[in-house]
Amino acid sequence: MVRHFLEIDDLSADELAQVLDLAEVEHPELSLTRRGVALLFEKPSARTRHSMEVATIELGGHPVYVRADEVGLDERESVEDIIKVFAGYHAAIAARVFEHDKLVRASAVSSVPIVNLLSDQSHPIQTLADLLTLRQEFGSLDGLVVSYIGDANNVAKSLALGVAMSGGTFRIAHPADYGFADEVLDEFAAKGVSIEATTDAREAAEGADALYTDAWYSMGQEAEAGHRRPIFAPYQVDEALMGVAKPTAVFLHCLPAHRNDEATDAVLDGPQSRIFPQAHNRLHSARGLLSFLTAGT
């Protein structure tokens, strides 16, 4: 049976722990020897491309980076036709897309694993790195309070699911009208996932084990920057906000950061920041995931 990874809970809790264990194996099984992995990017990314390419190489495989203009999903060819062709060349197909539905359609016809490198709905490959970073810091996520400060976006959604799967508590503080959509809240409810939501950043940060934030505007939203900045200004993570979390709390950010917008330099570069180990864990967690998905295939 082909396993796909479109959202973090496509893994069971036990499988998630297994992927994180594999991420920390120094000399993994070379499950991709003489095999290719297609890396299809509708949206560019520094960390995602580098981590996936090196992870593939470390497993003995050959990454093939594919730009959007080379394939033209649903323009030159349908998603289904492209995926069926690529599945004949590669051991796995990883894609960073605008619309999540393209991944769903891809997984419906692919004979090899489809990996979500980011969509408008979720970012589970980032969540793997986040959970690995927290596990390395605290030993376990069981009982941890992870507080996300800012826009309830795709990163926050996958993180909420991953924290819940790992036994932690997910809090979020967001401006009014920037919370999770009703359909996301319905999905959480259907999956038995409980979150704590507020519009007060200090309330969310109080006693937390980790504070996490993301850019106030993402790729493609640059025109909204001027509108969003005053709305999100009360949600900046600064030293005062870090001060109401636990003394042992860490700061996380998926990067790239707009410095002194969503977080100050003092926090980004401060002693509680783990943003660079977190970024490096993109490689290790990607290697663990690819190893899990392709071992024995």
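The model is predicted, with pLDDT of at least 70 required for local features and 80 or more for side-chain atom pairs, while totals for chains, interfaces and linings use all residues. Residues are numbered from 1 along each chain as its sequence is written, and side-chain values use heavy atoms, without hydrogens and water.

Remain at Arg135, which belongs to helix α6, residues 124–138 (a DSSP run of H or I, at least four residues, numbered from the N terminus). Arg135 counts as buried because its relative accessibility is 18% (buried means under 20% relative accessible area, 1.4 Å probe, protein chains only). Beyond neighbours within four places in sequence, its contacts include Ala17, Leu20, Glu24 and Leu141 (heavy atoms within 4.5 Å).

Next, display the aromatic rings; the whole structure holds seven aromatic pairs (rings of Phe, Tyr and Trp, the last by its six-membered ring, with centres within 6.5 Å; planes under 30 degrees apart are stacked, over 60 edge-to-face, the rest tilted). Phe180 and Phe188 have ring centres 5.2 Å apart and planes at 80°, so this pair is edge-to-face. Phe188 is buried at 2% relative accessibility, and Phe180 is buried at 11%.

Then select Phe232 and Tyr235, also an edge-to-face pair, with centres 6.5 Å apart and planes at 65°.

Terms used
Helix = DSSP H or I, 4+ residues; strand = E, 2+ residues; numbered from the N terminus. Buried < 20%, exposed > 50% of the residue type's maximum accessible area, 1.4 Å probe, protein only.
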